[in-house]
Amino acid sequence: MAGMGKLRVAVVGAGAAGLCAARHLLARQDLFAPPVLFEITKHVGGTWVYEERVGHYDNGLPIQSSMYRDLRTNIPKEVMSFPDFPFAKHLPSFVHHTEVRKYLEQYCDHFRLWDHIRFDTTVDAVDPVKVKGGWKGLAWDITSSDGVDQSKSTKERFDAVMVCNGHFYDPYIPAIPGLEKYKGMLMHSHDYRSAEPFADKSVVVLGAGLSGLDIAMELANVNAKVILSHGQKPLTCPMPKGVEQAPPVRKVLDDGTLQFQNGEQAEPEVFMLCTGYNFLFPFLNEQVGVRVKEHLVYPLYKFLIPPAYPSLFIVGICRAICPFPHFHVQSQFVISVLDGSFSLPTREDMEEDIELDMAARRARGVATRHILKLDSEQWAYNDHLAQLGGFQPLPRYWANLYESNKVFRARDMLNYKTYNYNILNETEWMVQNLQGQQLQKPQITHI
Ligand SMILES: Cc1cc2nc3c(=O)[nH]c(=O)nc-3n(C[C@H](O)[C@H](O)[C@H](O)COP(=O)(O)OP(=O)(O)OC[C@H]3O[C@@H](n4cnc5c(N)ncnc54)[C@H](O)[C@@H]3O)c2cc1C
Ligand SMILES: NC(=O)c1ccc[n+]([C@@H]2O[C@H](COP(=O)([O-])OP(=O)(O)OC[C@H]3O[C@@H](n4cnc5c(N)ncnc54)[C@H](OP(=O)(O)O)[C@@H]3O)[C@@H](O)[C@H]2O)c1
Ligand SMILES: *[C@@H]1O[C@H](CO)[C@@H](O)[C@H](O)[C@H]1NC(C)=O
């Protein structure tokens, strides 16, 4: 570091990940100049900023948030929070989305992030530049604008970039043969806001991820007749009234009828794709070599760093994780890389590490599109980064409580959000149902 000024770090996006990045950069003013957070909208919180409209804002920019009106969190607040900033004590474990937005605003208050955010500013380009004496010989030019008129854009140079642009925005539409022949209302969960418009209607929900399951339950509550079409093993937990399961939709016939993989057919009024989202990095210079294929973003060392451009960090691309603590760990790891407390391997060694990791996952039968789904492996990943970076790992109860919630959800998706959790100490916690009865904790042996 000798001879260099403070590092200037740009953060793309002021959702939970970008805010977390900024919080950790600001904690190290010895090393970093105050970060600059670029944010398209007028708000912090990304996903957690509910917008009743769908499509576009008045200024023509697309509405990115996929939040719907009645959504409650699916992770108890005790482990959903950033580890250094708990949710308010009076709240139940599963909060309404408005509370998460408030929480993220309070995080900004507490860690004094507001002054560092440039609202109404879209990052249009992130370009690497070779700079003698720069961090790893590199710097980054960021071109930004109001997103509407790119002729009035600004270019600024930074030493490093943390990309925190989110990935639940651009609908993934599977290639279903004949889809254009479907005659009813075709929509994606990205544009779902509330159940009332679907009252008493027949709906095929495609995909049983958390969106498919939650939306199927909301639709059942307004007496819709739902077929939940998905490719997983049939769900065995109690289903809401009026929800049936079917295999995936195979194709749409010439007359607009949906045909499932078992040959059965349906002609629903609504075909709701809950098929997930695409990764998009439209601003990232192709030279950086980060590619997206089948829902995999690669090559990234530790799912974060392109080996050839190690001052770029793509935070939060993993799926099936506990997001806020994951961002907390990744951000601290990035700081440990930039402050030199963890020295990155050579480019070749990082590339080999990535290849070995991918090969090991494939050998276990993990499909390419699921490689970024860390699921129960996230805890080992978090601990690994904490160990490499030399910072505090998550408290011990975290993994066990999170995994237990998953077990409760699989057993009883209709009621698990009514439970309330209590942390006793570093290792112990308790859970009660709505009636205040203490529940038996599941045996968690796989982590
Ligand atoms: C329907 C739904 C329900 C969810 N429920 C839960 C839950 O219960 N619990 C949980 O922990 N997680 C939940 N999640 C996951 C959720 O996405 C994460 O909690 C978290 O919000 C992700 O934060 P992020 O910062 O990575 O992305 P986002 O929240 O998407 O934020 C990205 C930000 O970057 C900005 N941005 C994008 N591109 C640019 C650009 N070019 N220039 C400038 N700014 C840009 C966007 O405007 C946005 O503000 C849910 C997600 C969805 C879609
Ligand atoms: N708080 C809440 O209650 C809540 C509610 C909704 C969403 N969320 C969050 O929102 C995020 C996004 O969830 P999501 O459910 O929208 O996306 P997702 O997790 O990517 O799930 C999409 C699902 O669609 C399936 N799918 C895709 N194409 C298909 C096809 N052609 N036929 C059948 N199935 C198909 C996928 O199966 P494969 O994986 O096998 O391809 C996958 O199971 C997650 O982080 C989730 O936790 C939270
Ligand atoms: C945590 O609490 C439990 C139950 O009260 C107790 O048995 C255990 O010793 C405590 N552990 C620690 C680390 O304090």
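Tutor: A quick term before we start: a polar contact is a pair of N or O atoms within 3.5 Å; within protein, one must be able to donate a hydrogen and the other to accept it, and residues adjacent in sequence count only if both atoms are side-chain atoms. This is a predicted model, where local features need pLDDT of at least 70 and side-chain atom pairs count only at pLDDT 80 or more, while totals for chains, interfaces and linings use all residues. Residues are numbered from 1 along each chain as written, chains are lettered from A and ligands numbered from 1 in written order, and side-chain values use heavy atoms, without hydrogens and water.

Student: Thanks! Which residues surround ligand 3?

Tutor: Asn 425, Thr 427 and Glu 428 do (each with a heavy atom within 4 Å). An oxygen atom of ligand 3 lies 2.3 Å from a side-chain N or O atom of Asn 425.

Student: And how much of ligand 3 does the protein cover?

Tutor: The cover is 31% of the 360 Å² of accessible area that ligand 3 has on its own (Shrake-Rupley method, 1.4 Å probe).

Student: Switching topic: what are the domains?

Tutor: An automatic or database assignment gives domain 1 as 2-169 + 278-389 and domain 2 as 179-273.

Student: How many residues are in contact there?

Tutor: 17 residues of domain 1 are in contact with 11 residues of domain 2 (heavy atoms within 4.5 Å).

Student: How many salt bridges cross that interface?

Tutor: The rule finds one (a side-chain nitrogen of Lys or Arg within 4 Å of a carboxyl oxygen of Asp or Glu). Arg 69 and Glu 196 also pair through their side chains in a salt bridge, at 2.9 Å from N to O.

Student: What about polar contacts?

Tutor: Nine residue pairs are in polar contact across the interface of domain 1 and domain 2, both residues at pLDDT 80 or more.
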